[in-house]
Amino acid sequence: MPINVHREVSVDAIEEQNRIAESLWPRLRERFHTQNKNPLAMVHTFGCQQNVADGEKLKGILAQMGFSFTDSPEQADLILFNTCAIRENAETKVFGNIGNLKQLKAVKPALLIGICGCMTEQPHVVEKLKKSYPYVGFVFGSHSAYRLPSLIQSYLDEGKRVFRVAPDDGCVAEGIPALREEGVKAWLPIMYGCDNFCSYCVVPYVRGRERSRRPERILEEFKELVQAGYKDITLLGQNVNSYGKGLEEGTDFATLLERLNAVEGDFRIRFMTSHPKDCSHRLIDTIAKCEKVCNHIHLPVQSGSSRILREMNRNYDRESYLELVRYAREKIPDVTLTSDIIVGFPGETYEEFRETLSLLEEVKYISLYTFIFSPRLGTRAASLPDPVSGEEKGRWFRELLALQDEIGLEQMRPYIGQTVRVLAEDWGKAGEGLLQGRTESNLIVEFPGPPSLAGQFVRVKVESVKKWALLGNLA
């Protein structure tokens, strides 16, 4: 089948999983001796917002089986780790958590333990799970998440470990129930996978090639979220800017934003992640004219050096990135920008790292997601010579953070004395009695107020700033 051709899991296949889920309830209650109570599941998600959205669907499927939920592994009858493979320390953390379950499984032999997500799409991880963690009962990749009921059924029927990690590129599973967190924010996946093959990134190997959801499916789910009271909805994809490949409708991301913006209601639309090579002038024009699309763009640059960008296979250079920033600021004068930076890419010199610092000084991001390079098995960058020591990269990293702290404060000081519109979310971290919310520009704001304001748009006059937030009072 050609790459990017849209293919949905059949309705019959989804309904079969639903039937299995419902049939498992009495068996699970008997296994865990829960009698009149529901068995308890703990779903622990590691990693990005896409993983969080996947975790919500996993919870939705488990709820169909009759599970309630807990955050305590000691109370859980089923533990499911939804994993991340983006960096080495993420994998190390997951294996540490799996190792901690060995004694718990010995005390509770009926306990079901499953591992899923990006890590399980890597052969070396699957081998390690097979050899070193025999108490893990079922393992499956993100492509097979909708099959969770049949995987658990197979494990219960046969008493053997179940591994379902074969990729299923081009496949989109619709109609999966999602159990979302209460609040005002919601994640809405619009596409899966990635075609970019950046030299440092494992995502295309574990998430598969790009495949977009049909626009009518997205629109239907979006309307449901608005009707349910969600007011800050983030569209998700590894590269939302290339949304629409393989769809017969010919819809692109700008068109999708226009359709969602036309939905009635008081809400905001955000999106991530946005690849610079596919961020067109038309998309920026669309953001400028759509009043419900936030004036904040997360535009990962990774490096300020054109040579390093070529080595990263990013398919843009420093100047084309800066041209895009200039156009965005021209069309959306109050736009705010955030980005991702990788420090210490193999072969990067200190002079090239300084080019990244100068880019920060020119663009003036409000905040950054910063990482020291982490080699990923199977990527081209993992085999490149890397002569700079970890200690030296650490010094560069601290220099980067110090500069961004200065720039972030510089960007936030002009808000002092201004009144901003804030969507109140929850309690803040600056002190007791302070609510936290975000502006349209994605700036965190903390202010005193009653908990009854959570979920409402309020106006806050900014009195002072910290490097991570604006502080103020209700206007």
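Is Cys194 buried or exposed? I looked this up to start, and Cys194 is buried, with a relative accessible area of 9%. For my notes, buried means under 20% relative accessible area, exposed over 50%, and partly exposed in between, with a 1.4 Å probe and protein chains only.

**Ground rules**

I am working with a predicted model, in which local features need pLDDT of at least 70 and side-chain atom pairs count only at pLDDT 80 or more, while totals for chains, interfaces and linings use all residues. Residues are numbered from 1 along each chain as its sequence is written, and side-chain values use heavy atoms, with hydrogens and water left out.

**Entry: cysteines**

I took a disulfide to be a pair of cysteine sulfur atoms within 2.5 Å. By this rule I count 0 disulfides. Cys171 is in no disulfide, and its nearest cysteine sulfur, that of Cys118, is 16 Å away. Cys171 is buried, with a relative accessible area of 12%. Cys194 is in no disulfide either, and the sulfur of Cys198, the nearest one, is 6.3 Å away.

**Entry: the whole chain**

I find 14 helices and 21 strands in the chain. Here helices (H or I, at least four residues) and strands (E, at least two) are DSSP runs, numbered from the N terminus. Of the 475 residues, 55% count as buried. The C-alpha atoms fill a box of roughly 60 × 55 × 50 Å along the principal axes.

I also checked the radius of gyration, taken over C-alpha atoms, against a globule rule of 2.2 Å times the number of residues to the power 0.38. A compact globule with 475 residues would come out near 23 Å, and the chain has 23 Å, which agrees.

**Entry: strands**

I count two strands as paired if DSSP finds at least two bridges between them. Strands of a sheet pair through backbone hydrogen bonds, either parallel or antiparallel. Here 6 strands form an open sheet in the order β3-β2-β4-β5-β6-β7, with parallel pairing. β3 (68–69) and β7 (162–164) stand at the edges with a single partner strand each, so one side of each is left without a neighbour in the sheet. β6 (residues 138–140) pairs with β7 in the parallel sense over 3 bridges, and Phe140 stands opposite Arg164 in β7.

I then turned to β9 (residues 185–189), which is mostly covered, with 4 of its 5 residues buried. β9 runs parallel to β12 (residues 232–236), and 5 bridges join them. Lys185 stands opposite Asp232 in β12.

**Entry: cavities**

On a 1 Å grid over the protein atoms alone, a cavity is a set of points where a 1.4 Å probe fits but cannot get out, a pocket is an open set with protein on both sides within 12 Å along at least five of seven lines, and lining residues have an atom within 4 Å of a point. Grid points are joined across faces, edges and corners, and a volume is the space filled by probe spheres set on the points.

My search of the whole structure turned up 4 cavities of 30 Å³ or more. The largest cavity holds about 310 Å³. Its lining has 19 residues, with Asp54, Ser142, Ala145, Ala173 and Tyr192 nearest the centre. α2 gives the most to this lining, with 5 residues.

The second largest cavity holds about 50 Å³. Its lining is made of Asp54, Leu58, Asn82, Cys116, Gly117, Ser142, Ala145 and Arg207.

**Entry: pockets**

What volume does the largest pocket have? I noted about 1100 Å³. The largest pocket is lined by 46 residues, and Cys48, Ile86, Arg87, Val203 and Asp340 lie nearest its centre. α7 gives the most to this lining, with 4 residues.

The second largest pocket has a volume of about 840 Å³. It is lined by 31 residues, of which Ser367, Tyr369, Arg438, Asn442 and Ile444 lie nearest its centre. Elements that give two or more residues to this lining include β9, β12 and β16. The largest share, 5 residues, comes from α14.
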